[in-house]
Amino acid sequence: MEIFRGFLCFSISLLTFHFFLPVSIAQLSPSETRILFQVQQILEYPEVLWGWNNWTNFCYLPPNPSLSIVCSDSHITELTVTGNRTSPSHLQKPTSGKLLVSRQTLSDKFSIDSLFTIVTKLSSLKVLSLVSLGLWGPLPAKINRLNSLEVLNISSNFIYGEVPASIASMKNLKSLVLGDNLLNGSVPDLGGLQGLQELDFSNNRLGPKFPSLGNNLVIIVLRNNSLRSEIPSKIEDFDLLQRLDVSSNKLIGPIPANLFALPSIEYLNLADNQFSGALSTNVTCNANLSFVDVSKNLLIGKLPVCIGSNSRNRTVLSWWNCLGNGSLKYQHPYRFCHKEALAVKPPVRGREGPSAMKLGLILGIIGGIIGAVGIFGLLVLVILRKSNRNEADNFNCDSFVFNKTSIRGSPIIDGRHVPRSIRAPAIGLSPYHVFTLEEMEDATNNFDPSNLVKEGSQGQLYKARLRDGSMALVKCLKLKQKHSYQNLQQQMEMISKLRHRHLVSVLGHCIVTFQDHPSNTATTVLIVLEHVANGSLRDHLTDWKKREYLKWPQRMGITTGIARGIQFLHTGIVPGVFGNDLKIENILLDDSLNAKINSYNISLPSKVGGSESPLSGQDTSDHHGSIEIAEKNDIYQLGVILLEAITGKPITSESELDDLKLQLERTLSESPSRLKELIDPSIRGTFAYDSIKTAVEITFEMSRQRLKCASNHRRRSLALAVFDSSSRRMD
């Protein structure tokens, strides 16, 4: 088994290497070529830059979503490098407030000052994007030397300190993205950047004042910071603003009355703040406003008619305020918002200061007593529920009981605190979440038939819009009686670990049980899946328009991604997941053409007499006895997908596969032109012959994984040959 895993690793390495083979003979100016090699060295040779050498033609690199270099008149005008390091929002925040250099950051030898000293020598640079590379340190003030820069994106790194005031002098900036870092302090006055259209400072520690901005912005994202002020009334003059996201801060005061009616506004997220007061019932809304979230604030009164009425074209979220609309659910009592608003209201200084202080002290004492009683009551409730629980498990938490009518009984929704292994987020995904039934009903509009994507023997698949505005898929599975609640909890814990950039990951779940069922048996499980809307690899290979986007570098990137996903399933979790249904129709592509495996095998914990997977419906009693066969089969199917990517033709039968392999084997011993005749015409001119030849050889070895005649010696020899070839090319 180790041989197969080693072979898979070597295949990934080789595919990654050939992904970057140069295809042009033109050259950049020597000075800027040296700058690129210096950048490669300072960034500590990230994987995306491994293929650079003295013969690399930087101005004519093949298209790559992770690397883009654009030249004009022998000068670089765009440098885009996207790495694969985990960003701060997916890691535990340092308790000391100091950054600890780790494997997710560049080493302690890295100098961000040296990096920008080099980069600012690219005097014609208009686009600079350095994302997920593990950069750390304060952003140098010298960045304003890039006076031609229009787009600056240094998101998903570990940059700390304040935003340098020198950025305010970069008059040509149109897009400024510094999100998902460790920035703190106040934002400098950016009101003079009248050309700025996009501002994204999300997931930092910036505050406490709302930044001063120019009124030509189209997108403002300040989500998850430390803003504690009011939204300035000047924002009502932002006529071009389409998207505003200031959620998860501590903003106070009333919501500006005309915010919903801005001429261009489409998306408005004000959730999880401390906005207070009542919204005017006469507020009007822009017709294009499609999403509004004012949940988790201190609003009172009623929602304005334009966002309070049901509309298919507008999603409105308003939970956990103190709103009085009779049809609204999940609101706090009025006194909660009144008390909290008093607590966060800025102090008023004047002649009546002492009286105000005394009143505040009295209210604070009363509020403290009420809060202490509430906490004590919750503790008593928790203890009582724990003492009455008949089942023992490892989660040490409560279930939330909702009064929902049903002919079978009252449903109990799993709302437990989740163990650390479930909470750990994956790259680019929100943390794993245990949903309530109400959340699922809201997301699917009460499982409206218009949101039904497909229906099978195991259940239904629905489109859903989660409360954060993101799209997802909800798989509704009706379980058999033999699936006990305890076993299903173990199943969910395993599923929560299946989160990887090359898997269609599970975002969360909801378990529904009924009190009148024996042993609290689960009857339904709702699995919330990542939504990938760009179609499958099969769609892209069979549609002539989409196929044009899949040149050789893209196809190598896709197959390498599939291999990484398989490697994670085999070795990234315990126990490994084998026997996955790997077909090109089950490989989805996101907007950046990253591969995501859509169908992988998940089985329930073993029981006497076997058990059935609620996700696949397959009997898994003999799963552990066939791991080696299943592992071989995964590698075999990956080889078939690679062959389909090379030829551009889906393979529908074993005989078709055998004929194609026979033709390719014959051409390998003949002239290169014969081999190229079997390659998809749409990728001709975008690959080197050695690259395509090696890829074909890899498919042959993968296809032998299911044949007994393939000896261990042969596999070891090819693996060593691949390793040796990669090493010599890298040298």
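Count aromatic pairs here and you get six, where rings of Phe, Tyr and Trp (its six-membered ring) pair if their centres lie within 6.5 Å, with planes under 30 degrees apart called stacked, over 60 edge-to-face and the rest tilted. Take Phe110 and Trp136: their ring centres are 6.2 Å apart and their planes stand at 55 degrees, so this pair is tilted. Phe110 comes from the loop between strand 2 (75–82) and helix 3 (112–119), while Trp136 belongs to strand 4 (residues 136–138), so the pair ties together parts that are 26 residues apart in sequence. Helices (H or I, at least four residues) and strands (E, at least two) are DSSP runs, numbered from the N terminus.

All of this is read from a predicted model, in which local features need pLDDT of at least 70 and side-chain atom pairs count only at pLDDT 80 or more, whereas totals for chains, interfaces and linings use all residues. Residues are numbered from 1 along each chain as its sequence is written, and side-chain values use heavy atoms, with hydrogens and water left out.

Back to that pair: Phe110 is buried at a relative accessible area of 6%, and Trp136 is buried too, at 16%. Buried means under 20% relative accessible area, exposed over 50%, and partly exposed in between (1.4 Å probe, protein chains only). Now look at Trp320 and Tyr330, with ring centres 6.0 Å apart and planes at 40 degrees, so this pair is tilted. Trp320 sits in the loop between strand 18 (315–317) and strand 19 (322–323), and Tyr330 in the loop between strand 19 and helix 5 (334–344), so parts 10 residues apart in sequence are tied together. Trp320 is partly exposed at 34%, and so is Tyr330 at 21%. Elsewhere, ring pairs link Phe37, Trp52 and Phe58 into a cluster.

Rings also meet charges. A charge sits over a ring if NZ of Lys or CZ of Arg is within 6 Å of the ring centre and within 35 degrees of the ring normal. Arg243 does this with Tyr267, 3.8 Å from the ring centre, and Arg467 with Trp319, at 3.6 Å.

Inside the order, strand 9 (residues 198–200) and strand 11 (residues 219–221) run parallel over three bridges, and Asp200 has Val221 in strand 11 as its bridge partner.

Definitions and conventions
Pairing = 2+ DSSP bridges.
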